[in-house]
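Have the model open as you read.

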Amino acid sequence: MIPSKIEHVAIAVKSIEEARKFFEGVLGLECYAIEEVADQKVKTAFFKVGETKIELLEPTSPDSTVAGFIEKRGEGLHHIAFAVDNVNESLAAVEEKGVKLIDKQQRNGAEGLHIGFLHPKYTSGVLTEFCSKN
Ligand code: ZN
């Protein structure tokens, strides 16, 4: 299990409308999708930078984990997502090496991807996600 690339970098924001002023207006990147992920209570906005995406995460409810994150740490880097071939197999492989998981099994993320999170305590403090298309 070796990740093939950084699939996306996710940034927690209070307002996508505010944040996209920098990504669109200053950097000139195009927002190619806005999607709500109901079970994570977030709205997401995507920008492509080469092969990697920037994903803005805006909480849609005060009890969203992203709302809790912003409350505690302010806006900023929320997680890094590595592309892997198979999320369930990759989660099992790192767990075998002693990494604690947030998700024991993959779940559905934005853009129809399978996703699973590793505990940030085991990843230098940065919440880490595996994702795959399959
Ligand atoms: Zn993600």
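Q: How many salt bridges does a search of the whole structure find?
A: The search turns up nine salt bridges. Keep in mind that this is a predicted model.

Q: What makes the contact of Lys21 with Glu18 a salt bridge?
A: The closest N and O atoms of Lys21 and Glu18 are 2.8 Å apart. The cut-off is a Lys or Arg side-chain nitrogen within 4 Å of an Asp or Glu carboxyl oxygen, so the pair qualifies. Both residues sit in helix α1 (residues 16-26), three residues apart, which is about one turn of the helix.

Q: Why is Lys21 called exposed?
A: Its relative accessible area is 51%. Exposed means over 50%, so Lys21 gets the label.

Q: Why do Glu95 and Lys104 count as a salt bridge?
A: Their side chains meet at 2.5 Å, N to O. The limit is 4 Å, so this pair passes.

Q: What about Arg107 and Asp103: which label does each one get, buried or partly exposed?
A: Asp103 has a relative accessible area of 10%; buried means under 20%, so Asp103 is buried. Arg107, at 27%, falls between 20% and 50%, so it is partly exposed. The two side chains meet in a salt bridge of 3.0 Å, N to O.

Q: What joins Glu7, Lys53 and Glu111 into one network?
A: Salt bridges that share partners link these three residues.

Q: How do you know which residues coordinate the zinc ion?
A: His8 (NE2), His79 (NE2) and Glu129 (OE) lie at 2.0 to 2.1 Å. In sequence, the spacing of the donor residues reads H-x70-H-x49-E. His8 in strand β1 (residues 5-12) and His79 in strand β5 (residues 76-83) are 71 residues apart, so the pair links distant parts of the chain. Both histidines are buried.

Q: Why are strands β2 and β3 said to pair?
A: Six bridges join β2 (residues 31-37) to β3 (residues 42-49), and the strands run antiparallel. Pairing takes at least two bridges, so they qualify. Val37 has Val42 in β3 as its bridge partner. Four residues lie between the strands of this hairpin, where Lys41 takes a positive phi near 50 degrees.

Technical notes:
Residues are numbered from 1 along each chain as its sequence is written. This is a predicted model: local features need pLDDT of at least 70, side-chain atom pairs count only at pLDDT 80 or more; totals for chains, interfaces and linings use all residues. Side-chain values use heavy atoms; hydrogens and water are left out. Buried means under 20% relative accessible area, exposed over 50%, partly exposed in between (1.4 Å probe, protein chains only). Donors are N, O and S atoms within 2.8 Å of the metal (3.2 Å for Na, K and Ca); water is not among the atoms, so sites may look incomplete.
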